[in-house]
Amino acid sequence: MAHEFDRAYWDDIWAGAGGSIGDDDGDRPAAMASSPPNPHLIREASRLVPGTALEAGCGAGTEALWLASQGWQVTGADIAAEALTIAARRSAELGLTGRVSWVEADLAVWEPPARYDLVTTHYAHPAIPQLDFYDRLAGWVAPRGTLLIVGHLQLVGHGHAHGQHAGHDRSPQPPVEASATAHGITARLEADRWEIVTAEETSREIPGHGGAPVTVHDVVVTATRRP
């Protein structure tokens, strides 16, 4: 049986996260809240002129706060209230409150009030099929804007429907229903509406539980919406 990536699931993931930021105790929410900004975001967004940005599934706000620090006006949206509480506290501590706002939203049904110069997501997956979620994100990009997807790479024979959740909690293997391939994503982006800038499948090492390195497999797609 597959995971139900609904509000109850994410509330359970984030339960107890407040107050544990920075603790090196192997706690999963602490790891999620204290991870550095995703290197794919840093590489891809550094090519862009800052404007308005939406991070869909922002969690505790690491990537949204990095964007804000680079001059973007950012909206961070997530279903987990506890994660957003942590994100708001972090933005205040960093003096970025005026550059970022936080929205509690179920991304499977939410519609943003505007279109954005950058719409990005990092390993997020709501309670809808993964590629349908990416379709929704594409619809939120303004003309000449950028869609940046960083997700779990779908590995044949390696995904599983139960077990550890990968990505922000640093587990190397995601549930199969939360993963995708570069081709699977780009095939949904019509050539007359999108220019594909990056479409790659990569592997990298990150610190795992106890500091031992683990390999994570990423899919990265960057696309520019045509006028």
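Is R144 buried or exposed? In this predicted model, R144 is exposed, its relative accessible area being 64%. The residue belongs to strand β5. Its phi is positive, at about 70 degrees, although R144 is not a glycine. Most residues other than glycine have a negative phi.

A positive phi is also found at Y123, a residue other than glycine, where the angle is near 65 degrees. Y123 is placed in the loop between β4 and α6. With a relative accessible area of 7%, Y123 is buried, because the limit for that class is under 20%.

Strand β5, which spans residues 141-153, also holds T146. The relative accessibility of T146 is 6%, so T146 counts as buried. Beyond the neighbours within four places in sequence, the contacts of T146 are with L48, D117, L118, V119, V141, T222, A223 and T224.

Confidence was examined for the whole protein and for individual stretches. The mean pLDDT of the protein is 86, and a value of 70 or more is reached by 83% of its residues. Over residues 17-26, by contrast, the pLDDT is below 50, and the model gives this stretch 16 contacts beyond near neighbours in sequence. Residues 158-172 likewise stay under 50 in pLDDT, and for them the model has 54 contacts beyond four places in sequence. Where pLDDT is low, the predicted coordinates should not be read in detail.

Aromatic pairs were then considered. A pair of aromatic rings is described by the distance of the centres and the angle of the planes. The search of the whole structure finds two such pairs. One is formed by W110 and W140, with 5.5 Å from centre to centre and 80 degrees between the planes, an edge-to-face arrangement. This pair links distant parts of the chain, its members being 30 residues apart. W110 is in the loop between β3 (100-104) and β4 (116-122), whereas W140 is in the loop between α6 (130-138) and β5. Both W110 and W140 are buried.

The other pair consists of F133 and Y134, whose rings are tilted at 35 degrees between the planes, with a centre-to-centre distance of 5.8 Å. F133 has a relative accessibility of 0% and therefore counts as buried. Y134 counts as buried as well, at 5% relative accessibility.

Y134 lies in helix α6. Its side chain is joined to that of Q130 by a polar contact of 2.9 Å. When neighbours within four places in sequence are left aside, Y134 is in contact with T121, I149, G151, A180 and I185. Y134 and R188 are separated by 54 residues in sequence, while their C-alpha atoms are 8.7 Å apart in space.

Note on methods:
Residues are numbered from 1 along each chain as its sequence is written. Side-chain values use heavy atoms; hydrogens and water are left out. Helices (H or I, at least four residues) and strands (E, at least two) are DSSP runs, numbered from the N terminus. Buried means under 20% relative accessible area, exposed over 50%, partly exposed in between (1.4 Å probe, protein chains only). Contact means heavy atoms within 4.5 Å. Rings of Phe, Tyr and Trp (its six-membered ring) pair if their centres lie within 6.5 Å; planes under 30 degrees apart count as stacked, over 60 as edge-to-face and the rest as tilted. pLDDT is the predictor's confidence in each residue, from 0 to 100. A polar contact is a pair of N or O atoms within 3.5 Å; within protein, one must be able to donate a hydrogen and the other to accept it, and residues adjacent in sequence count only if both atoms are side-chain atoms.
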